[in-house]
Amino acid sequence: MFRILRNLVRLAVIGRTAARHDALPETLLGTAPGLSWLWRRLARKDVPGRDGQRLARALAELGPTYIKLGQLLSTRSDLVGERMAVDLAELQDKLPPFPGAQARAIVEAEFGQPVGALFRSFDDKPVAAASIAQVHFAVTATGEEVAVKVLRPGIEIAFERDIDLFYWLAALAERVLPKLKRLRLREVVDTFARTSRLEMDLRMEAAAASELGANFKSDPTFNVPGIDWERTGGRVLTLERIRGFKVDESSRIEGAGFNRDEILAMASASFFNQVFRDGFFHADLHPGNLFINEQGTITAVDFGIMGRLDRATRYYLADMLIGFLSGDYRRVAAVHFEAGYVPRHQSIEIFTQACRAIGEPLQNKPLNEISVGRLLAQLFAVTEQFEMETQPQLLLLQKSMLTAEGVGRLLNPSINMWELARPLIEEWMRENRGPEAQFLEDAGAALSTIRRLPALVREAERVVTDMADGGVRLHPATVRQTLQGWNRRRRGDRAALWIIAALLAVIALRLG
């Protein structure tokens, strides 16, 4: 009962804030005529801006959890639409700072030592204050300049309370408005809760920064601040301090003698390498998180939101993009079916036609006029009609591509980052999707199968022995039937299965 009352009170606060900003989108109101009628009488009528802009302002006013929710929804254009997703992506993750004395208390509680034992100096005034944490500059006891990220006081308790409300609202909405079930609201809350809990464990952010830094250890064009692990814990993260300019400070960059086109080329290469070479990418590369250091190298900060793509997904992306850019829409459709993204009962011919509708406007356009992020957004909007299951990692990538392309336009609006990355793209395609790569992939699969042969043979002998000891006799026809079923399995195991089937046949004949 207490939970329901608490949620109702919080819901009233949310409703009042949303009404003040006229922040409920028309798409949601259209699913509930009664709600639409009530809303028209309660909401303000003179609030400027699009639906997404008004919603972003309401979420910012509601506090940290809601800001993070808006950031998550900005990656789900399949749920909120592309225009609203773009508006929510501009949601400013800024809040008033909390006192430096509280930051010091959190640091001391985390490490069980006085701040003075950890740092020679610790600036009480933060340099940045976001929804989950704020950052203070400091100098360690050994003289290193660092940036110390400290979680907001009580943020974990407030977050769990809001998550409980979101689950309650999602269940209520699906019960009262069955049409909303298609949005899978509870799954959205699950994803949000999981990612936010990880983001609030600053050790996970430190690990992400360390991994990204290791991937670019030998690359002089992209820099990741070093981690001070001795002064890093669940609620405190200490990194090397970065001196330089934000990537959108064009006049300061030029004043320092750096070439913006060269910086754009470095940014293009680093983003391509993160996505395709490593399959591990910074998913929040807005201008506030990208700096040009004193050496003219791009430096990233804030590693709370990262994305991963396995090799199969990277190959899918590569084949799909090749298909679109070359006008081979049948290939685009085929890779969706091969990846299992689109169910087999769908028509590949009709899906090919849908892909053509997306791709034809791109033909004969120079690469610098093509937005890969928008291309993916259009593709996801179409694939939803063909029962393509939501691929969170691809939605995060699509949002990250749009953000990265926006940074590219800030540096030089007449050059597309993908055009600068063309040599890397072509080399990666040749190495990973060309005939030689296909041959090596097949050879690797065959070698893997050969390595598994002894274990597979031993397992086959054990199974047959167990069956024989139990009085079960294998007829040659049964062996042939088993062989026919096994032969339909994936290509990499065919050689091994033939050998095992032959062994089974010999054993069966002897038992007969």
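Strands S9 and S10 form a hairpin with four residues between them. Strands here are DSSP E runs of at least two residues, and helices are H or I runs of at least four residues, both numbered from the N terminus. In the turn, Gly-296 has a positive phi of about 80°. The model is predicted; local features need pLDDT of at least 70, side-chain atom pairs count only at pLDDT 80 or more, and totals for chains, interfaces and linings use all residues. Residues are numbered from 1 along each chain as its sequence is written, and side-chain values use heavy atoms, with hydrogens and water left out.

Three bridges join S9 to S10, and the two strands run antiparallel. Strands are taken as paired if DSSP finds at least two bridges between them. S5 and S10 pair in the parallel sense over two bridges. Phe-222 has Ile-298 as its bridge partner in S10.

These pairings belong to an open sheet of four strands, in the order S5-S10-S9-S7 and with mixed pairing. S5 (222-223) and S7 stand at the edges with a single partner strand each, so one side of each is left without a neighbour in the sheet.

Strand S9 (residues 290-293) is covered on both faces. Leu-290 and Ile-292 lie on one side, Phe-291 and Asn-293 on the other, and all are buried. Buried means under 20% relative accessible area, exposed means over 50%, and partly exposed lies in between (1.4 Å probe, protein chains only). In a regular strand the side chains alternate between the two faces of the sheet.

The loop between S10 (298-300) and S11 (306-308) contains Asp-302. Asp-302 has a positive phi of about 65° although it is not a glycine. Most residues other than glycine have a negative phi. With a relative accessible area of 28%, Asp-302 is partly exposed.

A further antiparallel pair is formed by S4 (residues 145-151) and S6, joined by five bridges. Val-146 has Glu-240 as its bridge partner in S6. Strand S6 (residues 236-240) is mostly covered, with four of its five residues buried.

The largest nonpolar core has 109 residues. Such a core is a set of buried Ala, Val, Leu, Ile, Met, Phe, Trp, Tyr and Cys residues joined through side-chain atoms within 4.5 Å. Phe-271, Phe-303, Tyr-316, Leu-317, Met-320 and Phe-324 have the most contacts inside this core. Apart from it lies another core, of 14 residues, including Phe-111 and Phe-122. Contact means heavy atoms within 4.5 Å. Leaving aside residues up to four places away in sequence, Phe-324 touches several residues, among them Tyr-329, Cys-355, Ile-358 and Leu-379.

Over the whole protein, the secondary structure comes to 24 helices and 11 strands. Buried residues make up 48% of the 512 residues. Among contacts between residues at least 6 apart in sequence, 66% join residues at least 24 apart. The accessible surface comes to about 26100 Å², of which 56% belongs to carbon and sulfur atoms. Areas come from the Shrake-Rupley method with a 1.4 Å probe; for residues, only the protein chains shown count as cover.
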